[in-house]
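This report describes a single protein chain together with its ligand. Please consult the sequence and the model while reading.

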Amino acid sequence: MDDKLMLMIPGPTPVPEQVLRALAKHPIGHRSGDFAKIMAEVTEGLKWLHQTQNDVLILASSGTGAMEAGIINFLSPGDRVLVGCNGKFSERWAQVCDVYGLATERITAEWGKPLDPEQFRAALEADTDKQIKAVIVTHSETSTGVLNDLETINRYVKAHGQALIMVDAVTSLGATSVPIDAWGLDVVASGSQKGFMLPPGLGFVAVSSKAWQAYTTAKLPRFYLDLGKYRKEAAKNSHPFTPPVNMFFAMQVALKMMQTEGLENIFARHQRHMNATRAAVKALNLPLFAADHASSPAITAVAPVSVDAEQIRSILRKRFDIAMAGGQDQLKGKIFRIGHLGFVSDRDILTAISALEAALQELNYEGASVGAGVAAAAKVLAS
Ligand SMILES: *Cc1c(COP(=O)(O)O)cnc(C)c1O
């Protein structure tokens with residue numbers, strides 16, 4: 001049915017109507033006083049959301065652009081970097097490092113398993129002459145639904161003393177606490193279409209003073225993604241290039257909505273939705289791809305055995321106008337992923353689970369009785 005599409009994918013995520021309406025306004029000049037006021041307001045809002053006093057810079061890019069900027073502004077060719085690799089996105093950052101001629105060392109874990117912080121500790125402790133310049137970690141690995149133990153890995157980076165910690169927080173920011181100042185995270189990248197209740201189009205990078213120190217000697221090439229340019233202009237509530245000004249109108253509204261809800265409530269809502277979704281999947285006797293102790297608050301990956309993941313997705317899409325995500329690369333056809341990130345309510349979770357049960361029934365799935373998933377989810381949502 002037209003206009004009924006429900007996004008249960010991990011980006012783009014649903015956008016509130018008042019945010020969409022803000023997008024429909026006539027653009028204004030990005031060198032105007034009116035834009036400067038908006039820039040000042042959204043920058044303050046972004047610092048609140050990022051729990052930081054560091055610079056939070058706004059790029060016209062997707063999350064990948066923000067992350068690439070976060071890597072290339074603070075490093076030089078040949079620098080040794082450790083990259084945690086346990087899924088599609090984390091492996092992308094290792095590729096970016098390779099492309100720019102860094103000495104990339106991958107610390108890997110099987111897709112679906114969390115990174116082992118001990119491997120980071122061992123590599124960092126062995127580096128007595130402090131050659132490791134950065135450690136790159138994807139907090140929430142969207143391709144598998146795994147939440148990596150950033151806090152512990154970061155503790156080992158801090159003990160090393162020299163290396164910068166660079167974080168892909170694309171699907172953790174706005175879903176779970178990423179306390180940038182409290183943990184001393186140097187570079188944290190994210191994108192508007194994930195936890196921000198905004199359409200795609202903006203990337204964000206939070207930068208610490210330690211990272212800015214590294215910036216002064218970093219030699220990798222950069223132009224559009226030169227974060228120094230963004231910092232200089234942001235100090236004047238301006239932007240180095242023409243930004244998508246309508247996205248700034250939208251961001252004003254979205255940030256206000258988030259501030260009204262409150263950070264703790266936002267995190268609690270994502271936790272509740274993750275718990276409800278996982279309880280439902282368990283009650284349906286479908287295998288969860290990520291373990292309970294390492295599960296992402298943004299996305300739940302399910303690995304069905306006796307029913308086909310792609311058939312489930314197809315029924316959800318065709319019969320119920322619900323988009324869920326499939327598996328990527330080697331996980332294609334093996335898993336489907338339920339996004340519960342951003343502007344998602346309890347009702348959305350119940351709707352998604354009941355539609356999933358209807359799809360399973362249509363596929364003659366016999367692993368659980370119809371209604372078991374909804375009952376389990378409803379119980380969590382009511383608690
Ligand atoms: C979505 C996502 C990205 C960025 O993807 P873009 O398509 O470039 O916005 C990066 N990392 C993770 C973990 C993501 O989920």
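## Basis of the description

The model is predicted; local features are reported only at pLDDT of at least 70 and side-chain atom pairs only at pLDDT 80 or more, whereas totals for chains, interfaces and linings use all residues. Residues are numbered from 1 along each chain as its sequence is written, and side-chain values use heavy atoms, with hydrogens and water left out.

The unreviewed UniProt entry annotates residues 11-328 as "domain: Aminotransferase class V"; such annotations may be inferred rather than shown by experiment, and their positions are given here in the numbering of this chain. Helices (H or I, at least four residues) and strands (E, at least two) are DSSP runs, numbered from the N terminus.

## The seven-stranded sheet

Seven strands form an open sheet in the order β2-β10-β9-β8-β5-β3-β4, and their pairing is mixed. Two strands count as paired if DSSP finds at least two bridges between them. The edges are β2 (55-59) and β4 (103-108), each of which pairs on one side only. Neighbouring strands of this sheet are turned against each other by 20 degrees on average, direction ignored.

Strand β3 (residues 80-85) runs parallel to β4 and is joined to it by six bridges; in one of these pairings, Leu-82 has Glu-105 of β4 as its bridge partner. Helix α9 (residues 227-234) packs on the sheet, where it touches β2 and β10 (203-207), and its direction makes about 110 degrees with that of β2. Contact here means heavy atoms within 4.5 Å. Axes are lines fitted to C-alpha atoms, for helices over the stretch in contact, and angles run from 0 to 180 degrees between N-to-C directions.

## The four-stranded sheet

A second open sheet has four strands in the order β1-β12-β13-β11, with mixed pairing. Its edge strands, β1 (6-8) and β11 (299-302), each pair on one side only. From one strand to the next, the twist averages 35 degrees.

Three bridges link β1 and strand β12 (residues 322-326) in the parallel sense, and Met-8 has Met-324 in β12 as its bridge partner. Helix α12 (residues 309-320) packs on this sheet, touching β12 and β13 (336-339), with its direction at about 160 degrees to that of β12. Helix α13 (residues 346-362) lies across β1, β12 and β13 and runs at about 85 degrees to β1.

## The ligand site

The ligand is surrounded by 14 residues, of which the closest are Ser-62, Thr-64, Thr-142, Asp-168 and Lys-194; a residue is included if one of its heavy atoms lies within 4 Å. Among the polar contacts (pairs of N or O atoms within 3.5 Å), a backbone N or O atom of Gly-63 lies 2.9 Å from a ligand oxygen atom. An N or O atom in the side chain of Thr-64 is 2.5 Å from an oxygen atom of the ligand, and one in the side chain of Asp-168 is 2.6 Å from a nitrogen atom of the ligand.

Taken alone, the ligand exposes 380 Å², and the protein buries 88% of that; accessible areas come from the Shrake-Rupley method with a 1.4 Å probe. The elements that give two or more residues to the shell are α3 (63-72) and α4 (88-99). The largest share, three residues, comes from α4.

## Backbone features

The peptide bond from Gly-11 to Pro-12 is cis, with omega near -5 degrees. Pro-12 belongs to the loop between β1 and α1 (17-23).

Met-197 is not a glycine, yet its phi is positive, at about 60 degrees. This residue, Met-197, is located in the loop between β9 (187-191) and β10.

How values were computed
A polar contact is a pair of N or O atoms within 3.5 Å; within protein, one must be able to donate a hydrogen and the other to accept it, and residues adjacent in sequence count only if both atoms are side-chain atoms.
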